[in-house]
2 protein chains.
Amino acid sequence: MQYYPESVRSLIKNFGKLPGIGEKTAERLAIHVLKRPSSEAEQLANSLVTVKQKVRLCSQCFALSDCKLCHICRNSNRDSGLLCVVEQPADMISIEKSGAFNGLYHVLGGALSPVDGVGPEDIRLRELFAKVLQAGIKELVLATGTNVEGESTAAYIAKELSGCKARITRIATGVPVGGDLKYVDKMTLKSAMSSRYDIK
Amino acid sequence: MQYYPESVRSLIKNFGKLPGIGEKTAERLAIHVLKRPSSEAEQLANSLVTVKQKVRLCSQCFALSDCKLCHICRNSNRDSGLLCVVEQPADMISIEKSGAFNGLYHVLGGALSPVDGVGPEDIRLRELFAKVLQAGIKELVLATGTNVEGESTAAYIAKELSGCKARITRIATGVPVGGDLKYVDKMTLKSAMSSRYDIK
């Protein structure tokens, strides 16, 4: 590091703060930036600043958005009677990529975790309950994680909304598609076995 | 990609232009930037812009520098009678890291390569010859690469300077230290064998 000019050292240090970028990689990235035209470095610099200025949470579903309402909440072709509950914006993007869902989302911003001090007031449950009671939601799909926190969050939501008219469903657990049984952990296999269904 | 807001997409695209950063990693880096405070994104953005504005080539050795003269050429403790010729600034930094050299450098900016149309006029040979003839250089260490281009560049320099008083040396080739003989390529072994020396 001390062999580089001060400005290069600073760039290496800042690249190194990114996840998965060690000092060697940071050095390589900095050397790359030095070799490429200024315009490329400026584009990256601008997009870094812009993203922090522009991105906020959609006022309706709390997903990442550049505007007040995200592109999914704005889209009138989506089924507003279907609401999918996820923990994080990234979960929503994974579901969107699968193309398996055409309703709207509600991003909780976390999962209940008494161990970490995350209670019902710390995630967007109040907003979710208000939404389910007010709007004409026909089905609420609970797509929180399949770990302890995600499961208990789903259970909590189902219990709190047990009196409402909407159908409440949970995404299925089981062996991943294309999965090799010998590499699947026993909890997943247990779940896949107990959720077995008739094929004839 | 289309599932992200425009500003996030732009950041992912720009991260993806860096070497070794695929779309998945670029996504992960962008999400990390979104989670961290704005100050971190700004620091990286600033260092990107600063590095392109500040870094230039040292007017004496042509290494990367923030000033007219790099920290090595400015350092009066270095032996100015020793001059090491390398192809690229990165080669110089590798030698500096080894701590095995206390002289000055001359960065050629490439190696002779008739196939790629790189002739003696295209790399900083004129500046090197002027330096060797004028200054009191006692030894010129040729540390160009050990590939065809590097070897022919070293041979060309040695031939052109055959009449000068300075000692001209070439870095040794051989088995890397800590190397396992069974993984060493045959050209390296050939070289190590022909350069064998008496140990008693």
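Start by selecting chain A and chain B together: 47 residues of chain B are in contact (heavy atoms within 4.5 Å) with 47 residues of chain A. Keep in mind that this is a predicted model, where local features need pLDDT of at least 70, side-chain atom pairs count only at pLDDT 80 or more, and totals for chains, interfaces and linings use all residues. As for labels, residues are numbered from 1 along each chain as its sequence is written, chains are lettered from A and ligands numbered from 1 in the order in which they are written, and side-chain values use heavy atoms, with hydrogens and water left out.

**The interface**

Show the surface of both chains. About 4,400 Å² is buried between chain B and chain A, with 70% of that coming from carbon and sulfur atoms. Buried area here is the accessible area (1.4 Å probe) that two parts lose on being put together, summed over both. Now pick B:Tyr3, B:Leu48 and B:Lys52, which supply 17% of the area that chain B buries against chain A, more than any other three residues.

Colour chain B by its elements: helix 1 (6-15), helix 2, helix 3, strand 2 (64-65) and helix 5 (89-98) each supply at least two residues of the side that touches chain A. Helix 3 of chain B gives the most to that side, with 13 residues. Helices (H or I, at least four residues) and strands (E, at least two) are DSSP runs, numbered from the N terminus.

**The salt bridges**

Two salt bridges (a side-chain nitrogen of Lys or Arg within 4 Å of a carboxyl oxygen of Asp or Glu) cross the interface of chain B and chain A. Zoom in on A:Lys97 and B:Glu27, whose closest N and O atoms are 2.9 Å apart. Then go to B:Lys97 and A:Glu27, a salt bridge with its closest N and O atoms 2.9 Å apart. B:Lys97 lies in helix 5 of chain B and A:Glu27 in helix 2 of chain A, so this pair joins two chains.

**The cavities**

On a 1 Å grid over the protein atoms alone, a cavity is a set of points where a 1.4 Å probe fits but cannot get out, and lining residues have an atom within 4 Å of a point. Grid points are joined across faces, edges and corners, and a volume is the space filled by probe spheres set on the points. The whole structure has four cavities of 30 Å³ or more.

The largest cavity holds about 100 Å³ of space. To find it, select its lining residues, including A:Asn14, A:Lys17, A:Leu48, B:His32, B:Arg36 and B:Leu44. Helix 3 of chain B (38-54) gives the most to this lining, with three residues.

Move on to the second largest cavity, with about 80 Å³ of space. Among the residues lining it are A:His32, A:Arg36, A:Leu44, B:Asn14 and B:Lys17. Here the largest share, three residues, comes from helix 3 of chain A.

Technical notes: 1 Å grid on protein atoms, 1.4 Å probe; cavity = no way out; pocket = protein on both sides within 12 Å on 5 of 7 lines; lining within 4 Å.
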